[in-house]
Amino acid sequence: MNQTMEKFGYPATLLKELDHWVILLRPAQVTLGSLVLAAKSDATAYGALPREAFAEQAEAVALIERALTRFTRYERINYLMLMMVDPNVHFHVIPRYSGARSWEGVDFPDSGWPGPPQLGSPVQLSSDQIGGLVENLIANFR
């Protein structure tokens, strides 16, 4: 585990683990189903990942898109590699949609649609809600 994985709640937010990557629920939900695709490596530069990680990333992206299609019926998807605060290689995965999505009575608008995602105004969930959302999403990764 690296510090970026830990920052995003690993292992409690783990949805799927591969050899080189983990797919985590992003605790601050920009839109419903916001995830983090994090390299398990200690690398702090994308180019420093092993060749095998790049090949496996295609599998991770396919898993993410299949699972989020089922869960949120997104219209677009954004992969953001920001790495300004959290140093290890990772992508924020933001499913995008016009209108809002709802889960367990909580509304998740896409405030930035159709422009860039509004990272500064996520839906904040309690630890119980995060656990429930992880449980619901894991079923889509099987």
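Visitor: Leaving aside neighbours within four places in sequence, which residues is Trp21 in contact with?
Guide: This is a predicted model. Within it, Trp21 meets residues from several stretches of the sequence. Leaving aside neighbours within four places, the contacts of Trp21 are Lys16, Leu37, Ala38, Ala39, Lys40, Leu49, Ala53, Glu56, Gln57, Val89 and Phe91.

Visitor: How many residues are in the largest nonpolar core?
Guide: Trp21 is among the residues with the most contacts inside that core, along with Ile23, Leu35 and Ile64. The core's size is 35 residues.

Visitor: How many residues are in the second, separate core?
Guide: Val22, Leu24, Val36 and Ala38 are among its members. The count for this core is seven.

Visitor: How many salt bridges does a search of the whole structure find?
Guide: One pairs Asp86 with Lys7. Another pairs Lys40 with Glu17. Asp110 and Arg96 form one as well. The total for the whole structure is three.

Visitor: How many residues apart are Asp86 and Lys7?
Guide: Their side chains meet at 3.1 Å, N to O. Asp86 sits in the loop between β5 and β6, while Lys7 belongs to helix α1, so distant parts of the chain are linked. Asp86 is buried at 10% relative accessible area, whereas Lys7 is partly exposed at 48%. The separation of the pair, in residues, is 79.

Visitor: What is the relative accessible area of Lys40, the partner of Glu17?
Guide: The closest N and O atoms of this pair are 2.8 Å apart. Glu17 lies in strand β1 and Lys40 in the loop between β4 and α2. Glu17 is partly exposed at 37%. Lys40 is partly exposed, with a value of 26%.

Visitor: Are Asp110 and Arg96 buried or exposed?
Guide: Their side chains form a salt bridge at 2.7 Å, N to O. Asp110 is in the loop between β8 and β9 and Arg96 is in strand β6, so the bridge ties together parts 14 residues apart in sequence. Relative accessibility is 8% for Asp110 and 3% for Arg96. Buried means under 20%, so Asp110 and Arg96 count as buried.

Visitor: Is Asn88 buried or exposed?
Guide: Asn88 lies in the loop between β5 and β6. It touches residues including Asn2, Gln3, Asp42 and Met83. Its relative accessible area is 4%, so Asn88 is buried.

Note on methods: Residues numbered from 1 in each chain as written. Predicted model: local features only at pLDDT ≥ 70, side-chain atom pairs only at ≥ 80, totals over all residues. Heavy atoms only, no water. Helix = DSSP H or I, 4+ residues; strand = E, 2+ residues; numbered from the N terminus. Buried < 20%, exposed > 50% of the residue type's maximum accessible area, 1.4 Å probe, protein only. Contact = heavy atoms within 4.5 Å. Core = buried A, V, L, I, M, F, W, Y, C linked by side-chain atoms within 4.5 Å. Salt bridge = Lys/Arg side-chain N within 4 Å of Asp/Glu carboxyl O.
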